[in-house]
Amino acid sequence: LSSEGARRQFEKEAKAIARFHHPNVVQVYDFGLDGDEPYIVMELLEGEDLESRLKRREKLPASQVASLLTQVSRGLTAAHNEGIVHRDLKPANLFLTRIDGQEVVKILDFGLVRLKARNAAELTPDNLDGMVGTLRYMSPEQIRGELGLDHRSDLWSIAVVFFRALTGKFPFSLESVGNLLNGSFRPPDAPPSQLLPELGPELDRFFTRALDPDPTQRFQSAQEMAAAFTAVVQGVRSQAAKILVVDDEPDVEVMLRQAFRRQLRDGVYELTFACDGEEAMEKLRQAPDVDVILTDINMPRMDGLT
């Protein structure tokens, strides 16, 4: 950070994320110079970023993706309302931490942030620094380095992130980028319902709009996009009551499946099993839409009361 331009970029990042407070955006407490060394002080987070989780699991349940997208949309709305465009939204910049027993998403790294110009006179070389970001998640207009990049570029990036989280794949190949830029290709490469047939054609319509090369044809706010995706997920949600049974006795699973075999066959109940509290917590992270938890009290590692 020896150049004056790099110092200005650093100061812009720090000011951008310190100017508003939101539970889904990493909090900046201070920034400045220690001699010639610039520093930034932000909250300490424990957990993992979404990139790490996707490398471990490849894809996530639709209900979990909807929950994550809803939280990200709240943080982005706060930023966009302040005229801030992130420009580098990707799984590595979405951090999953736990606060009071709940998983909370924090948007990180506003290092490529752009303070949106209020009018044409504000479009200066200092805030038009061309193609920066991570190519796989960049909107067509960002790749082209267009003037006046706005919040809808972030919405494109988030659509790519959550397409990958949902399906385990990217919506288009790197070889398609050229055709995307010249208007001869509209992502995704293949209808996502082929990968997730249970979500049906509504999922295809959602991503066709979210990944439209024309920003005016996309969702126009993060909240609108999150609400539309949640509606797709809820519209096909199973009517079965999802029950998590936590017990270290192996015969319990056999007994319950036998006792409720008719209800399981008819789709009244959907049973999931865990052998102790720690495994149960992991099951809940994977499927937060569980309706009922039936738990033993005395178990190894983590008991039922804990």
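This is a predicted model: local features need pLDDT of at least 70, side-chain atom pairs count only at pLDDT 80 or more; totals for chains, interfaces and linings use all residues.
## Strands 8 and 10, and their sheet

Strand 8 (residues 241–246) and strand 10 run parallel to each other, joined over 4 bridges. Here, two strands count as paired if DSSP finds at least two bridges between them. Strands are DSSP runs of E, at least two residues long, and helices are runs of H or I with at least four, numbered from the N terminus.

Residues are numbered from 1 along each chain as its sequence is written, and side-chain values use heavy atoms, with hydrogens and water left out.

The open sheet has 3 strands in the order 9-8-10, paired in parallel. Strand 9 (269–274) and strand 10 (292–295) sit at the edges with a single partner strand each, so one side of each has no neighbour in the sheet.

## Helices on the sheet

Helix 9 (residues 251–259) packs on the sheet and touches strand 8, strand 9 and strand 10 (contact means heavy atoms within 4.5 Å). Its direction makes about 175° with that of strand 9; axes are lines fitted to C-alpha atoms, for helices over the stretch in contact, and angles run from 0 to 180 degrees between N-to-C directions.

Helix 11 (residues 277–286) lies across strand 8, strand 9 and strand 10, at about 135° to strand 9.
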